[in-house]
Amino acid sequence: MQVTPDDPWLATDPDGFAVLLGRKVHSMIVAPLTARDTVLGLLTLYRSRVDAFEDADLDVARQAAATAAVHLDNARSYRREHAVASTLQRRLQPGVTPRLSAVETAHVYLPESAGGAWFDVIPLSGTRVALVVGDVAGHGIEAAATMGQLRVALRTLALQDLETDEVLTHLDEVAGQLTAVDSRGAHPYLATCAVTVYDPVSRQCTMTRAGHPAPVLVDPDGSPIHVDVPLGPPLGSEGGAAYVPAVAQLPPGCLVAHVTNGLLGAEEDGDGDADAVHRLEHVLATPSRPLQELCDTAVYRMAPSRHDDAVLLLARTECLPPDRIGDWTLPADASVVGTARRIVAQQLAAWDLDDCAFTTEIIVSELVTNAILHGEGPVRLRLIHDEERLLAEVTDASSAGPHLRHARAGDEGGRGLYIVMRLSAHWGVRHGRQDKTIWSEQRLGEKTPEDLLAAVDVFDTAGM
């Protein structure tokens, strides 16, 4: 295209085209940047020399325009995919972390690469809590979606009150199925994960990990607590998995820090970078500081990777006061059911919870009766008053789990667990290595319907 000062198209925008005239442009090539039948922009080439562009110049311009259009389209697609993956990842993370008596928590989450890092704080039965951090291999929408699947699966397994090693064993099976349908094949495993369960009653901390950095522990004085947490294989790495938990007794006020390699600035390594771990221990050496302040300081001091997501989940352990716990061991004899009810009434009176004594006595009598009839060995009864909750637990030496029955109108029994379910906000079974515990949780301040209490009272009186 020849450019002359009297061209009509120059008059459409005199100020805009004044630059062309000022530089004495004599010829020009304008090529559209087209991709997917969409014009993304224009490539404009100017020449001030008097000789015009030739056909060879046009070919170069066409090639340059085609190449630029492809790169622009790829950039737009990447940006769109990155935005979708980042949004999906944020939505799949937990919302507001629950307020618990077991631990005080804070976290920092830096989704630098829209990958698959995640964390979770899961309330468990008996006032326990599970602290979880994981990291899916790869980046993008697929990694974020996989993260969501693993997080939901792990939360479901944890709520079944399984041991930490059993949780990761089953999660590895889930990961294996996800890997089987994953066509990427770019990584030898699907994800890494670390799970810690803390019990504020016994102050026992159980830690298990699958190809993930071990949690960092700091005592109330600021000194590191070194616990050897065996490194299990990453999730979905095939060849079977064996996860071995480590158990430690922690005093109140300890810090438990779960991290991803992105915060440690390390490559994909189950043990992380030793120097980075020491720097994190140094940051956490003042455990009395506010947790969120410690999280922010860790981000400033650790220099997280800009190519991987960084997560720090920080928890300060608490201890349930002994006067909030009632614990008794009873012989496996039917005559102790009445004793259990009297013990419960006395304990609730000491806690000024007489209003829920009737309901709790019924729950405890049904649980104790069930343990005597279907369990083994002595029966352990435990009551826990945890702020707005009242927990009742009955433990026996049998590993067989109970089954909820729907008794017929003429049956004299079979309604015990059904009654417990109706009178409880939550209930469940927790299996230990050599025993099982059936537990019930009531929400203090919530009243049980009068008609239900009346029906339960009639049945319970008839049964006694």
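## Helix H7

In this predicted model, helix H7 contains 12 residues and reaches 16 Å from its first C-alpha to its last, close to the 16 Å expected at 1.5 Å a residue. The helix spans residues 291-302. Directly after H7 comes Ala303, which has a positive phi near 50°.

Several residues of H7 are buried, namely Leu291, Leu294, Cys295, Thr297, Ala298, Val299 and Met302. An α-helix has 3.6 residues a turn, so residues three or four places apart point the same way. The buried residues of H7 are covered by elements that include strands E3, E12 and E13, together with helix H5 (261-264) and helix H6 (274-283).

An open sheet is formed by 5 strands in the order E3-E13-E12-E8-E9, and the pairing is antiparallel.

Leu217 stands opposite Val256 of E12. Strands of a sheet pair through backbone hydrogen bonds, either parallel or antiparallel.

Strand E15 (residues 379-386) is mostly covered, with 7 of its 8 residues buried. On one pairing, strand E14 (residues 325-330) runs antiparallel to E15 and is joined to it by 6 bridges. Asp327 has Arg382 in E15 as its bridge partner.

E15 also pairs with strand E16 (residues 389-396), again antiparallel, through 7 bridges. Here the bridge partner of Arg380 is Thr395 in E16. E15 and E16 form a hairpin with 2 residues between the strands, and Glu387 in this hairpin takes a positive phi near 55°.

## Packing of helices H8 and H9

Two packed helices are described by the angle between their axes and the distance between the axes. For helix H8 (residues 336-350) and helix H9 (residues 357-374), the axes come within 9 Å and cross at roughly 145°. The crossing of H8 past H9 is right-handed.

On the H8 side, the contact involves Val336, Val337, Ala340, Arg341, Val344, Ala345 and Leu348. These residues meet Ala357, Thr360, Glu361, Ile362, Val364, Ser365, Val368, Thr369 and Ile372 in H9. Sorted by class, the contact of H8 with H9 comprises 11 nonpolar, 3 polar and 2 charged residues.

The loop between E14 and H8 contains Ala334. This residue has a relative accessibility of 59%; because the threshold for exposure is over 50%, Ala334 counts as exposed. The C-alpha atoms of Ala334 and Ala371 are separated by 9.9 Å, although the two residues lie 37 residues apart along the chain.

## The protein as a whole

The protein has 11 helices and 18 strands. Of its 464 residues, 47% count as buried. Among contacts in the protein with a separation of 6 or more, 67% are between residues 24 or more positions apart.

Note on methods
Residues are numbered from 1 along each chain as its sequence is written. This is a predicted model: local features need pLDDT of at least 70, side-chain atom pairs count only at pLDDT 80 or more; totals for chains, interfaces and linings use all residues. Side-chain values use heavy atoms; hydrogens and water are left out. Two strands pair if DSSP finds at least two bridges between them. Helices (H or I, at least four residues) and strands (E, at least two) are DSSP runs, numbered from the N terminus. Contact means heavy atoms within 4.5 Å. Axes are lines fitted to C-alpha atoms, for helices over the stretch in contact, and angles run from 0 to 180 degrees between N-to-C directions. The expected span of a helix is 1.5 Å times one less than its number of residues. Buried means under 20% relative accessible area, exposed over 50%, partly exposed in between (1.4 Å probe, protein chains only). A crossing is left-handed if the near helix is turned anticlockwise from the far one by less than a right angle, and right-handed if clockwise. Ala, Val, Leu, Ile, Met, Phe, Trp, Tyr, Cys and Pro count as nonpolar, Asp, Glu, Lys and Arg as charged, and the others, Gly among them, as polar.
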